[in-house]
Each structure stands twice: as structure tokens, then as C-alpha cells.
Amino acid sequence: MTESSSTPTVEPNFDVAIIGAGAGGICAGIKLQELGIDNFVLIERDSGMGGTWLANTYPNVGADLPFLAYQFSFAPKADWDHFFAKGQQIQDYHVGLAIDAGLHHKTKLNTEVVKEEWDETGHQWRLHIADGSTITARFVLSAVGAYINPKDKPAIPGLDDFAGEVLIPSRWNHDYDFRHKRAAIIGVGSSSVQIAPALAADVEHLDIYQRTPQRYFPKPDFRTPRWMQRLLGLPKIAGLLHEAVLAVLEVGLRVLIYTPRPLFNAGSTVFDWAGDRLYNLWLWLCVRNKSDRDKLRPAFGAACTRGTLGGGYLSVFNRDNVDLHTTSIDHITADAIVTADGVEHKIDALVLATGYEMFSDPETYREGTVIGYDGFDLGRFYNTHGLRAYHSTAVAGLPNRFLLVGPYSWTGTAFHYILENATRHIIAVLDEARSRGCTRVEVSIEAQNEFHADMVSKGANLARYFTVNCAGSNTYFVNSHGDAVYVRPWTIYQSRNRSVSFSRADYNFDRIAANPPAPATPKSKAVI
């Protein structure tokens with residue numbers, strides 16, 4: 001540890017600023033309070049807390065994982081209404097945790113951070129707000145999530161000319177009446193899978209535009225019986241079941257990561273062959289029309305996309321009022337979509353389910369928005385050198401700043417586990433800094449490079465599968481640089497244990513001198 005001499009500086013407004021008041025921000029806030037840090041603020045650009053589940057209220061919105069996996073381990077809930085929790089109940093769960101912890105009193109809503117700037121003299125961050133004000137904090141935790149900004153302006157000629165209703169999943173207009181209307185959905189991901197069955201039942205006609213086919217699996221959802229709620233409400237039962245799930249995933253990840261390359265390559269070929277045939281059977285059972293089945297059949301590996309629990313999505317193509325289009329869109333007019341074959345498809349409403357800017361995409365990080373020590377620009381670095389961060393949280397050149405979701409974050413589990421794992425590491429670093437009385441913490445470039453090299457080495461099997469077996473899949477497991485930085489190639493228990501057992505020497509700790517030395521009194525020059 002070194003000590004920086006400096007002139008007296010103004011103390012920051014807060015010890016910690018958390019950017020984002022969704023699930024990640026709420027998790028971080030709760031854990032900061034457990035550490036005894038109370039002088040912090042959550043900064044949220046939206047009008048309320050909750051993040052994804054505040055913004056997404058479209059028809060049928062809900063989790064595509066069972067509730068046992070889709071909750072924090074430190075706050076188990078047994079009385080979920082459905083086995084796959086619905087969106088509003090997830091939102092109530094997160095906000096309820098925030099209120100119980102008093103985090104709503106520490107949250108600034110409708111406050112958007114447009115630039116983060118490091119002040120080396122004061123060992124603090126200056127957060128520039130859209131309204132022109134500034135918030136200062138010693139440490140910054142970026143909890144903006146994995147799906148950061150909706151891609152609500154796809155590059156389709158004529159989109160702005162459309163005169164009908166335009167909707168996106170994260171800002172749904174519940175006042176719009178779809179009855180007796182002709183509607184179109186562009187995109188076939190997780191949101192479309194939930195929206196399409198609801199719209200098909202209301203509209204006169206629904207067109208679904210697919211660029212790349214996905215795989216849609218059955219969703220065995222049901223109302224949670226009272227006996228199950230009572231059982232899971234018993235002490236430690238939910239925790240034991242969660243650990244059992246983690247143990248199964250641990251075995252699967254060990255196979256993926258540590259299988260010798262030749263054996264893995266051969267095994268993945270067999271896996272894809274079997275997966276294709278099982279999925280073809282599933283399509284045959286769900287979709288009557290052979291032409292639609294052919295359009296819905298992926299031409300890439302069985303594990304190239306996350307896989308969507310489709311519920312009633314595939315059967316929606318059996319309806320007379322639903323058409324699946326795979327011909328590319330040429331342009332949009334005031335009242336129609338025109339495909340590349342020249343056919344005009346009249347519509348009254350357009351749903352843009354075209355995805356999000358992801359945490360794993362370099363383009364998500366804009367140049368000039370995060371400026372660290374000595375002019376280090378996160379956007380420029382990520383777009384030039386690729387995504388990397390020590391334990392997916394800390395980036396050399398950005399002292400006192402941490403990501404809750406960064407490159408190689410996904411550990412084979414649900415989103416809540418990712419957040420807990422990152423927060424566990426961040427809290428360990430902050431606790432170390434506090435015990436040393438330090439005001440500045442920065443991961444060393446050597447530690448960051450070593451971690452990244454380990455990710456590349458351990459992730460060789462996964463990277464090979466995503467880039468070779470998944471060619472043409474448009475999978476978000478591979479970004480625009482061709483890098484597979486979505487999945488962390490460690491096992492469940494390795495990620496959990498190493499999040500706190502890391503070498504503290506991987507970080508450089510520093511502090512501002514409490515009493516900077518006074519300038520020396522000039523001595524009289526000797527007479528020669």
C-alpha cells in the first residue's frame with residue numbers, strides 16, 4: 001500500500017454510488033448495509049425501482065426459469081403463485097426486498113448518469129447527471145444489468161414513416177386495443193415467445209418476422225400447490241434444493257470445461273445430432289404445417305442459443321390468423337411491411353422485439369462515458385482491445401469502480417446467482433480497503449491479464465463450440481469481435497469460492513494522506 005500526498009480535497013457526497021436500482025442494485029445495497037456501509041445512494045434513470053421487471057409489462061411476461069432458481073439465496077420466497085414466476089410478482093419481490101432494507105429512501109429516481117469521471121486528486125468519481133448536476137462518490141458500482149438498452153430503432157428503411165402503433169416489450173402500451181387489428185412482430189426471442197400467443201388470440205391477423213430460427217422448449221408451468229409452498233417454507237429446504245441444482249450444474253460444467261478437446265469435439269457433434277432429431281420430433285408434434293416446421297428448424301448446434309421455454313409459441317403457427325415470414329424485410333411504409341420479394345403486408349400495429357444491447361457487446365460501451373485514471377476510456381478500450389475484467393467486476397484503469405455484470409459473468413446459473421457472486425467479490429474488496437483505511441483500490445493490469453488468459457484457456461471448448469458449431473446462429477454468446485465472453489469457464493463452486501479467496505495482492509491499495517505535509521520553509525541562501 002502506498003500513501004498519496006495531496007492538497008486538501010472536498011469529501012465526496014457518498015461513500016458508494018450504485019448506478020441502477022434493479023435486482024443488481026438492490027442486491028448490492030443490501031450487502032453494503034450488512035458490511036456496515038450506510039452512506040450510499042442508488043441512482044436510477046427510470047421512475048421506479050426494479051429494473052427489467054419494472055420496464056417489461058407486456059402480455060404473459062414472466063421468468064423462463066423455475067422460481068427456485070430465480071430468487072436470491074439470502075431471501076428465499078416459498079409462496080410464488082406459479083412455478084415460473086410472473087413478471088409482476090418478480091417485481092413485487094425485488095421492490096419488497098428494497099423497501100424492507102430501506103433502500104427506497106436512498107434511491108434517486110428519474111436520474112440518468114451520462115458520464116462517469118475519475119478524480120485522482122480526491123480519489124472519487126464524479127457522476128455527471130443528464131440535468132447538468134453532479135454526484136460524487138468514493139466508489140461506484142455499475143448495476144445496469146445484462147440487457148442494458150432496448151434496440152428500439154432497428155436499421156429498417158422507412159421505420160419512421162410507419163403511421164400505426166409501434167410498441168417495444170420494455171415500454172408496452174396497455175391502452176392500445178389490438179382487437180380487429182392487423183399486427184406484426186419483428187423478432188423471435190424470449191419476449192416474442194410470450195407476446196405472440198396473447199396477441200394471436202386478439203388480433204384479426206398476426207405476422208411474425210423471423211431472421212434466425214431459435215429452439216423453443218415446453219414450459220411446464222402450473223400454479224404452485226399449497227403443499228409445495230408449505231414444504232419450501234420450512235427452514236433450509238429451499239436452500240438444500242438450490243444446492244442440489246447447483247451440484248448437478250457443477251458436474252455439467254466440469255464436463256464442458258475439462259473434457260479433452262478431441263473428445264469434446266466428437267461429443268459435441270453427437271450431441272448436436274441427437275438434439276436436432278429430438279427437436280425435429282418436437283416440431284412435428286407442435287406444428288402441423290410442414291412449411292412452417294422447415295422455417296422453424298435451426299441449421300446450427302443444439303446449444304447455440306440459450307433456449308427459450310416457449311409454452312404455446314410453436315402452436316400459435318397452427319392458427320389461421322398467424323403467418324411466419326422468413327423473407328427479409330425490404331422497407332416499411334405508413335401502413336405496411338414490404339418484404340424483399342416485393343409483397344406488401346398491411347399492418348395497424350408493429351411490435352419491435354429486436355433485442356437489447358448486451359453487457360457482452362463492445363458497442364454497448366460508448367466512448368467518452370466512463371473516463372478513469374490518466375484519461376483511460378472504457379468504451380475506447382473495450383471497442384479496441386476487447387472485453388476483459390478481473391473476476392468480471394474490476395477493470396485496470398478504473399479505480400474504485402466495479403461491474404456487477406461484466407465479461408465472463410454467466411456462471412451456468414440464474415441471474416440472481418450471477419449478481420450474488422459479483423457482489424460477494426466486490427464486498428470482499430471494499431472490506432479489505434476499509435480495513436486498510438484506503439481510499440483508492442485498483443486491480444493490477446497483471447492480475448487482469450492473468451484472469452483473462454485463464455478465461456481464454458479454460459473456455460477453449462466453449463469458444464470452439466460457439467464459433468464453429470454455432471456458425472450462422474447469430475448467438476449472443478459470441479460478440480461482434482468474435483469473442484465468447486458471455487460464459488465464465490469455471491464451475492459453480494470454483495466461481496463461488498474464488499470470488500472471495502482471491503489474492504489481495506491482485507489489487508493496489510492507496511490512500512490520501514490525512515494531513516498533507518506543509519510546504520517547506522525556504523532556507524536563506526548561503527553567501528559565497
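This is a predicted model: local features need pLDDT of at least 70, side-chain atom pairs count only at pLDDT 80 or more; totals for chains, interfaces and linings use all residues.

Residues are numbered from 1 along each chain as its sequence is written, and side-chain values use heavy atoms, with hydrogens and water left out.

Student: How many cavities of 30 Å³ or more does the structure hold?

Tutor: On a 1 Å grid over the protein atoms alone, a cavity is a set of points where a 1.4 Å probe fits but cannot get out. Points are joined across faces, edges and corners, and a volume is the space filled by probe spheres set on them. Counted this way, the cavities of 30 Å³ or more number two.

Student: Which helix gives the most to the lining of the largest cavity?

Tutor: This cavity has a volume of about 60 Å³. Its lining residues (an atom within 4 Å of a point) include Ile418, Asn421, Ala422 and His425. Helices are DSSP runs of H or I with at least four residues, and strands are E runs of at least two, numbered from the N terminus. With four lining residues, the answer is helix H10 (residues 415–436).

Student: Which strand provides the largest share of the lining of the second largest cavity?

Tutor: That cavity has a volume of about 40 Å³, and Val441, Glu442 and Val443 are among the residues that line it. Strands E21 (401–403) and E22 (440–443) each give two or more residues. The largest share, three residues, comes from E22.

Terms used:
On a 1 Å grid over the protein atoms alone, a cavity is a set of points where a 1.4 Å probe fits but cannot get out, and a pocket is an open set with protein on both sides within 12 Å along at least five of seven lines; lining residues have an atom within 4 Å of a point.
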